[in-house]
Amino acid sequence: MTLPRVEHLYVADTNLFFECKKLEDLPWQELDGDPIVILITKPVQAEIDKHKKASGRTKKRALETFSRLRQMLENNTMETVISQSNPKVILRVTPTSVPDPELSTVLDYHTNDDKIVGIVSTLSKAQSSPVTLLTDDTGPAMTAQSQHLDAKLIDSAWKRPPEQTTEQKTIKKLNQDLDLYRNQEPKIVIRNITQGSKEHVFHLLIPKPLPEESVRELINKLIENHPIREDFTTPKEQVLFNRKTSYSKPSDDAINHYQSVAYPNWIESCRAILTSLHNEAYLQPKSQILSVTFGIENSGTRPASNVSVNFEAQGNIILLRTNASSEHEDGADNPEYHSTIPELPQPPAPPSFPSKTEILGNKKSSSLIALGEALQNADPFKSARTSIFDAIRSPDIGDILRERDLSMETYHSALLNVAPPKHDPESFYYSDWPVGTLQKTGRLTCSLFRHQAITEIFEVQVQFTEFGNNTSGSILCTVHAENLTKPSTFRIPVKLAVQEKDLRQTAEEMVFKCR
């Protein structure tokens with residue numbers, strides 16, 4: 001047989017109903033007992049009735065509690081369930097409970113606080129269940145404890161947030177109005193869509209000097225591939241058809257210069273190049289440039305007008321706007337190094353053997369030979385061609401176009417009397433950001449940024465101003481618009497990681513290419 005659970009009675013002070021959260025939202029499991037009975041005594045009921053005519057949120061709470069008590073009266077019941085389980089919580093009215101007469105000489109029953117303490121004493125003597133005073137005031141709690149009665153102070157976490165001041169209410173209303181206004185604005189969303197790792201690290205490889213042993217091995221390989229010529233025996237006469245060629249030995253001075261000066265100087269020149277290879281401009285980082293990509297879209301309900309997209313380099317970095325036509329030049333696939341391998345000087349040619357040619361036979365044969373030589377030396381592709389497009393391709397014209405930030409297509413159009421393309425209000429244009437310049441800030445503008453359209457892609461080139469390991473910075477993107485009350489911002493951090501590059505493979509390729 002299961003025995004009924006013993007109720008734990010909590011005699012509530014008025015502040016439980018006025019200063020705390022709603023009864024359904026309180027963490028009753030923090031109290032002892034299951035079920036828990038919250039008692040509303042006559043003094044508390046009188047306080048609730050009195051505050052129905054007050055003002056502010058106390059009046060609102062008094063009316064809510066009064067409505068609950070009225071519903072209990074209409075249902076002809078003295079209690080209602082606040083929580084069904086864990087624990088079960090019951091709200092009960094006890095209008096017939098009176099203060100303990102034995103404490104009338106100790107307590108002042110003209111005050112509601114002492115009346116409530118007196119009722120706790122009466123119930124404690126009459127009930128087998130535990131009885132506790134539940135209050136937020138230290139006065140009644142101390143009075144109860146002085147009479148050896150149980151009291152529980154309400155936890156501060158149970159209380160409602162303090163009532164807002166008039167100024168706070170005004171600010172809240174203004175913020176609501178502002179949110180309503182902003183919901184009718186463009187909504188600019190900026191994202192990081194850079195390909196690769198989430199952490200944008202530029203791995204800078206610094207060339208490492210070749211060890212002396214490696215230089216020695218490479219020089220020996222060069223000598224093996226291109227040995228010095230020692231044998232200068234005069235070749236025999238050669239006769240081909242009706243042509244006879246005879247040879248004579250080079251002069252001793254020429255042979256001596258080749259063997260004692262030219263060849264040793266070539267070896268030393270190659271040795272010097274390999275020794276200082278790490279300082280060669282070809283192998284230095286092309287530039288400490290890292291590309292990051294921003295994606296910007298308007299997901300709002302209105303187009304953005306007169307948009308300005310601003311980029312700011314923060315920390316040890318600076319922005320670089322590259323020319324679109326240079327993005328596919330040599331070395332673009334490897335942002336760290338030039339793709340061209342430096343070359344070693346070619347070995348000196350040994351002195352040639354002076355030759356003398358005699359023509360054997362008749363004049364007709366000599367004419368045919370002369371004609372053959374003329375045809376052999378002719379250049380059928382050599383012609384004087386001039387056109388306007390050759391002029392366009394000249395280096396000077398290209399420099400002028402780049403300085404003025406013009407495209408070749410625009411120049412062609414001007415030459416052919418074709419009007420340049422009109423300004424597109426929905427396109428983004430660079431503003432005060434020349435090609436090839438290093439700047440801390442850069443800006444693009446657009447007259448009309450459509451909503452719910454495709455994501456605009458902006459690739460930003462970043463160059464580091466310091467080259468220590470873990471040098472860092474960030475690119476701040478800020479988007480302003482004429483009909484946008486608050487600019488949108490987004491930041492992408494970048495970092496430099498320095499490592500050493502072994503040049504042995506590059507040096508071996510240089511030796512291999514030296515033919």
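## Strands that pair

Two strands are said to pair if DSSP finds at least two bridges between them, and in this predicted model strand 10 (residues 243-247) and strand 14 pair in the antiparallel sense over 5 bridges. Among these two strands' residues, Thr-245 has Thr-357 of strand 14 as its bridge partner.

Strands of a sheet pair through backbone hydrogen bonds, either parallel or antiparallel. Here an open sheet of 3 strands runs in the order 9-10-14, with antiparallel pairing, and its edges are strand 9 (238-240) and strand 14 (355-359), each of which pairs on one side only. From one strand to the next, the twist averages 20°.

## Two packed helices

Two packed helices are described by the angle between their axes and the distance between the axes. For helix 7 (residues 212-225) and helix 8 (residues 252-275), the angle is about 145° and the axes lie 10 Å apart, while the crossing of helix 7 past helix 8 is right-handed.

Helix 7 contributes Val-215, Leu-218, Ile-219, Leu-222 and Ile-223 to the contact, and helix 8 contributes residues including Tyr-263, Trp-266, Ile-267 and Arg-271.

## The buried side of helix 5

In helix 5 (residues 138-146), the buried residues are Pro-140, Ala-141 and Ala-144. Because these residues cover an arc of only 100° around the axis, they are on the same side of helix 5.

The buried residues of helix 5 pack against helix 4 (112-126), strand 5 (131-135) and strand 6 (151-153). Just after helix 5 comes His-148, which takes a positive phi of about 60°.

Key:
Residues are numbered from 1 along each chain as its sequence is written. This is a predicted model: local features need pLDDT of at least 70, side-chain atom pairs count only at pLDDT 80 or more; totals for chains, interfaces and linings use all residues. Side-chain values use heavy atoms; hydrogens and water are left out. Axes are lines fitted to C-alpha atoms, for helices over the stretch in contact, and angles run from 0 to 180 degrees between N-to-C directions. Helices (H or I, at least four residues) and strands (E, at least two) are DSSP runs, numbered from the N terminus. A crossing is left-handed if the near helix is turned anticlockwise from the far one by less than a right angle, and right-handed if clockwise. Contact means heavy atoms within 4.5 Å. Buried means under 20% relative accessible area, exposed over 50%, partly exposed in between (1.4 Å probe, protein chains only). The arc is that of the directions from the helix axis to the C-beta atoms.
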